[in-house]
Structures are given as structure tokens and as C-alpha cells.
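Please open the structure in your viewer and keep the sequence beside it. The tour goes from one selection to the next and says what is there at each stop.

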Amino acid sequence: MAVICVALPSMAVSPDHGQLTGQGLDGFYRSGRRLLSRCHLRVAGREPIAVQGALVTSDSARFLGVVRTAADAGPDPEITVERMRRAEGTERITLHSASARTRRFPVEISLATDLAELGAIATGRPGPERIPSVYGSGLRWTAADGPGCTVAADPPPQDAVASAGLLRWDVLLAPGASYGIELSIRPERRGRTPGRPANRLSADVRAEADDARVEPLVRTALGDLRALLVSGEQGPADGWLAAGVPWRCGPAPAEALWAARMALPLGTGLAAATLRTLARTQLTGPGTGHGRIPGPLRDAGPRLPPSCTGVEATLAYPVVLAEARRWGLSEQEVAELLPAAERCLRWLRTSSEEDGLVPDGGPDGYRRAETQAHAHRAALLGAELLDECGGGGGDAWREWAGALRSRFRADFWIDDRAGGCPAAARSGPGRPVAYPGSGAAHLLDTGLLGGGRLAPGLLDAERTGRLARLLGGPALDSGWGLRTLGAKEPGHNPFGHRSGAVRVHETAVACAGLAAAGYEKEASGLLRGVLGAAEAFGYRLPEMYAGEQRRAGSVPAPHPTACRPAAVAAAAGVHLVTTLAGIRPDAPAATVSLRPVRCAPLGAVQLSGLRVAGEPFAVRISRLGLGMIEEAAAGLQLGV
């Protein structure tokens with residue numbers, strides 16, 4: 001599995017042995033362009049024997065090796081090689097001698113690049129290697145179609161051979177001594193180089209639990225979220241989360257909003273920056289698209305045509321704004337963003353005029369169940385937002401949501417001997433498309449209202465119970481999380497994006513919804529499954545992995561094209577852990593309620609450094625499932 005260091009717009013992709021070979025995705029990248037594809041080290045004429053390679057932080061990795069030579073006094077290698085690689089374009093190579101004698105040997109680094117764009121590399125067309133020239137203390141590559149690259153070495157090499165892309169040092173190591181070489185890989189500047197955005201996530205978040213896996217999960221998720229932050233058009237003060245590395249570093253509106261929403265316990269700054277960025281993309285001209293946030297079509301699996309991610313983003317926008325206000329977004333920022341949310345709601349009303357249901361925006365006019373859940377949530381949270389911050393009109397939206405509930409229960413619920421299930425969608429002519437999948441989890445995600453209340457959902461209590469049993473059953477629960485398509489369904493593929501793989505954020509949505517509805521057994525099972533997968537992936541969760549059934553001693557199979565790190569997966573890790581505390585803030589009313597998971601599936605849990613009402617917030621959940629607030633903003637009262 002590749003070791004990927006990320007600090008967008010920079011990243012470094014390495015095999016676990018640490019040698020950049022020029023093959024596949026290997027290399028240092030900046031803004032989607034490969035600056036260096038080969039960085040091959042030889043010590044004393046030999047390639048180091050790889051011992052270990054792993055991430056140290058989200059933006060750095062360490063590779064350890066040893067070199068065996070004929071001069072070694074015994075069977076043990078005497079030269080250790082450590083390579084510290086950072087995403088922004090530096091590599092520190094340290095040679096250490098454990099020999100009792102002074103050792104002299106050559107060190108050679110072979111460098112090359114194709115200066116290819118990531119898209120060309122992904123399709124197997126990177127182009128030929130460029131010819132370098134000696135430049136200062138290293139090498140330089142130029143290109144007519146974009147910025148070139150320089151590699152500078154410190155200390156400068158004794159020899160630099162441009163035709164071979166080779167830098168060479170003669171190293172003299174005394175007993176117990178070390179020798180270091182630092183490489184700096186930089187693009188040649190052409191125009192404005194995007195910088196790192198301001199950190200909009202709490203820097204002091206800590207998680208402790210009886211289950212030792214909780215701390216590294218949250219720590220890694222925080223690092224990945226910071227690594228995926230991208231500056232917006234307004235510079236480092238603005239920005240959003242890229243969907244994932246290496247394939248999806250560009251804008252993905254729906255996933256950026258999902259990640260910002262799940263990360264609200266870390267502060268409201270990310271949500272505000274994301275909402276500002278997307279408001280500038282919103283369609284504001286005349287026509288039926290007025291108010292919609294643009295987004296590409298997305299594959300919906302073997303049973304449905306592609307759906308429009310722009311529809312999902314449009315329906316998420318007022319929800320993220322309303323919930324960010326509950327967590328502590330300032331009234332001034334809410335007022336600045338409210339017009340865009342109002343336009344989203346107007347688009348929602350216009351789009352549903354035909355039959356009261358919201359189409360997906362893809363071909364053939366399908367109405368997916370999860371789209372109706374997104375619309376229902378947007379209407380109810382938008383209603384409170386309008387009543388408390390806008391010019392009113394909330395009652396009309398609550399009435400609209402009530403009509404959608406009635407329509408959904410009549411048109412989407414399919415009764416059977418087992419108690420029934422929700423249809424995944426209805427076709428344009430109105431035929432139900434029925435199959436079990438993780439998308440049904442969105443029916444349990446109803447949204448946070450004032451006073452710590454959850455909005456009503458599309459399902460009544462009886463049907464919610466039936467859905468809970470489906471989500472916790474073996475057809476959908478792989479033991480590692482929810483499958484996007486039931487295991488026994490025609491077309492099931494454990495590696496299918498929407499036909500059987502596990503998508504982490506949908507499992508997190510299900511966990512939170514099940515816990516809130518009182519189905520703690522099912523929620524706990526899914527939580528333990530994802531936590532087990534996180535451990536297998538070194539706590540850096542990919543956006544998806546194979547939905548193969550968990551067995552004793554097995555590990556989840558990675559998906560070959562999944563992004564890792566991924567914004568929604570990292571945010572889902574935070575969401576899963578904070579779900580245990582059941583934090584329901586209402587900053588405008590200066591209250592916060594706790595609804596902890598009573599069965600305490602991970603034992604005692606303590607979370608600190610969260611943010612509620614703009615101030616640090618800490619909470620402890622005991623092994624008995626009792627919650628206690630340990631730090632909060634002055635004047636914040638415990639709600640009922």
C-alpha cells in the first residue's frame with residue numbers, strides 16, 4: 001500500500017520501501033503536477049535493504065533501511081539509513097554508522113521527472129522523462145507546457161552528472177557518527193502559487209478512551225482533515241476540504257459539505273469557509289436552476305442512473321448553515337450566508353412542484369429515497385433558520401415537509417412479510433426500485449433543531465425500527481461497516497463503489513442515526529466494525545473498502561482506486577467518536593444537551609478541545625454511559 005504524505009496543494013506518494021522508482025504514482029507533486037518521479041538512493045554501491053516505512057504525521061513519512069557491505073565486521077549491518085520525507089517537497093537522508101572503524105563510501109542519488117499532470121499519470125500516459133541540467137547545488141528540469149522543477153542538495157554534491165540525473169557524495173563516517181543530506185524539491189514559479197489555508201479546526205482536540213484505538217483514530221483524522229484543506233479564491237483565509245488524495249483534489253461540493261458538517265464539533269470555521277466558497281458557485285441567474293449549487297453526475301450503482309451531486313450539495317447547504325449556528329457560528333456570519341441558503345430553499349420548492357418529490361438531477365427523472373431525506377432535513381432546519389434569522393416563512397416549510405412525509409410513507413415504503421423496507425428510489429413513471437443498501441441510513445439522519453431536539457424523520461417509529469434491523473442485519477453489515485448493496489442482491493460486487501463496497505461516511509451516518517433513535521445495539525456493532533477497519537488501515541480510513549464479510553483473523557480488503565486520505569472518511573472518524581457523547585448544542589439559546597450512548601460500547605471516553613459557542617468544550621462519558629461536561633463556555637447551561 002502506498003505511503004502518501006499530504007499538505008495540499010503538495011503531496012508525496014511513495015512505496016513502503018521509500019525508493020521513488022519513477023513507476024506508477026511515485027513522486028513529489030504540487031498542484032496536480034509531478035515535480036519529481038524518481039529519487040533512487042545507493043550507498044556504497046548498494047541499494048539499502050528496506051526495514052520499515054510508515055507515516056509519522058499526515059504530511060510526513062519515515063523510511064528506515066540498512067546497508068550491508070563487505071567491510072562489515074560481522075553478520076550485522078553497520079550502516080543505517082533513515083529517510084524523512086515531507087509533502088511540501090523536502091527529504092532528509094541520514095546515514096548512521098555503528099561500525100568500530102571509520103568508514104568511507106560513495107552515496108549516489110538518481111533523480112528524474114516527467115513533469116506530468118496527475119490525470120495523465122492516472123491514465124498511463126505520463127510522457128517521457130525530461131532532460132535535466134546542473135543548477136546550483138542540484139539539478140533543474142524545464143518544460144514549455146508548465147512550470148519546471150529544481151532539486152537543491154545540502155551539502156552540495158561533489159559530483160553532479162546531468163545526463164544521468166545523478167548526484168554523488170564521498171562520505172567519511174567516524175565510529176558512531178552520522179551524515180545528513182537534505183533535498184529540496186521546488187517548482188519554478190509561474191504566477192501565483194497557492195499557499196496553505198488557515199487552520200479552521202480546533203488545534204487542541206484530544207480523545208482518550210478505555211478502547212486504545214479511539215485516540216489514534218481521532219488524532220489521525222484531525223491530521224488528515226488539516227492536510228486536505230485547500231485555499232479558496234479569496235486566499236488562505238478562505239477554503240474548503242478537497243475530497244481526497246490522490247485522485248480528487250479538486251472541488252467536490254457535496255463531500256466538502258458533508259465533511260464540514262461532521263467536523264462541526266471541531267469548530268465552525270471550516271463550515272463557514274466552505275459555505276462562503278460554495279455560495280460563490282451558486283447559480284443565481286433566471287431559470288429553473290436558480291439557487292442550485294453545480295456539481296457533477298455520480299455513478300449510483302447497477303440499479304439506478306447517475307445522480308447529480310449538485311442536488312445533494314444544494315440540499316446540504318441550509319442544513320450545514322443551520323447546524324453550524326447551533327454549534328456557535330456567529331450571527332453576523334449567519335446573516336452573510338443566509339441569502340445563499342434561501343436561494344437553495346427556493347430551488348427546492350421549484351424542483352418539487354411536479355409531484356412533491358425531489359428528482360436527483362440525473363437522467364430519467366428518478367427520485368431517490370436519500371434525496372427525499374436530504375430535502376426533508378433541509379426544509380425543517382431551513383424553517384427554523386428563516387424564523388430565527390430571516391424574514392419568517394418557516395411554517396410554510398414545515399407544512400411542505402409534512403406533505404413530503406405523507407407522500408414518502410405512501411410511495412416509498414414496501415410492505416412484505418418481514419415488516420417491509422423503504423424503496424431505494426422511484427423511477428420517472430413512479431415504479432419503486434427496491435433493494436437494501438447503505439443509502440437508506442440517510443433516512444435516520446434528521447438534523448438538529450433548537451433546544452437540542454432532533455427534527456422528525458420521514459419514517460414513523462415502527463418503520464424506523466424495521467430499518468434499524470435491516471441496517472444491523474448480515475445482508476448489509478459486513479462486520480467492517482455497511483455495504484452499499486446487500487450481499488445477496490443481483491449485481492452485488494464487494495468492490496463496487498455503489499454496489500457492495502463499504503463507504504465509511506454512510507456507516508457513520510447510520511451509527512449516529514441508530515443511536516439517536518435508541519437502537520444502540522445496531523449502532524455499536526457498526527461502530528466496532530469501522531473501528532476494526534481503521535486499525536487495519538493504520539487509522540487512516542479510506543473513502544471506501546471492499547464489503548467482504550468479516551471473519552476471524554481477517555482484515556478489510558483495500559479498494560484499488562479509493563482515496564486515502566479522504567475528507568468524508570476522516571470527518572466520519574470524528575463523527576463516530578463524538579456520537580458516543582451525543583452532544584446537542586444550541587449556542588443561540590446558550591444551552592447544550594448530552595444524549596450519550598448508554599451502553600458505552602468503547603468503555604469510558606473523554607473528549608477535550610472541542611468547540612461549542614466558540615469556546616473550548618470537554619465531556620466525559622463513563623463506563624455506565626453517563627455524560628459529564630468538564631469544560632464549557634461561560635454562561636452555557638445544560639439543557640434537558
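The stops below cover a sheet, a group of helices, a salt bridge and another set of strands. The model is predicted.

**Stop 1**

Now keep strand 32 (residues 605–612) and strand 33 in view. These two run antiparallel and are joined by 6 bridges. To find a place along the pair, select L610, which stands opposite F617 in strand 33.

Move on to strand 33 (residues 615–621) with strand 34 (residues 627–631). This pair is antiparallel too, with 4 bridges. Select V619 and look across to strand 34, where I629 is the bridge partner of V619. Then follow the chain through the hairpin of strand 33 and strand 34, which has 5 residues between the strands. Stop at G625, which takes a positive phi near 80° there.

**Stop 1: helix 10 and helix 11**

Two packed helices are described by the angle between their axes and the distance between the axes. Select helix 10 (residues 504–516) and helix 11 (residues 520–536). Their axes come within 8 Å and cross at roughly 150°. Because angles over 145 degrees count as roughly antiparallel, helix 10 is roughly antiparallel to helix 11. The crossing of these two helices is left-handed.

To see the contact, show the side chains of V504, T507, A510, C511, L514 and A515 in helix 10. On helix 11, show E520, E522, A523, L526, L527 and V530. The residues of this contact divide into 9 nonpolar, 1 polar and 2 charged.

**Stop 2: helix 10 and helix 12**

How far apart are the axes of helix 10 and helix 12? They are 8 Å apart, and the helices pack at an angle of about 20°. That angle makes helix 10 roughly parallel to helix 12. Helix 10 passes helix 12 in a left-handed crossing.

The contact of helix 10 with helix 12 divides into 9 nonpolar residues, 3 polar and no charged.

**Stop 3: a salt bridge**

The structure holds 42 salt bridges. For one of them, select E129 and R38, whose closest N and O atoms are 2.8 Å apart. E129 is in the loop between helix 1 (118–122) and strand 12 (133–135), while R38 is in strand 6 (residues 38–43), so the pair ties together parts that are 91 residues apart in sequence.

**Stop 5**

Finish with strand 13 (residues 138–141) and strand 14 (residues 149–154). They run antiparallel, joined by 4 bridges. Select R140 to find its bridge partner T150 in strand 14.

Strand 14 is also joined to strand 17 (residues 178–187), by 6 bridges, and these two run antiparallel. The last pair to select is A152 and, opposite it in strand 17, S184.

Note on methods: Residues numbered from 1 in each chain as written. Predicted model: local features only at pLDDT ≥ 70, side-chain atom pairs only at ≥ 80, totals over all residues. Heavy atoms only, no water. Pairing = 2+ DSSP bridges. Axes fitted to C-alpha atoms, helices over the stretch in contact; angles between N-to-C directions. Parallel < 35°, antiparallel > 145°, perpendicular 65-115°, else oblique. Left-handed = near helix turned anticlockwise from the far one by under 90°. Contact = heavy atoms within 4.5 Å. Nonpolar A, V, L, I, M, F, W, Y, C, P; charged D, E, K, R; others polar. Salt bridge = Lys/Arg side-chain N within 4 Å of Asp/Glu carboxyl O.
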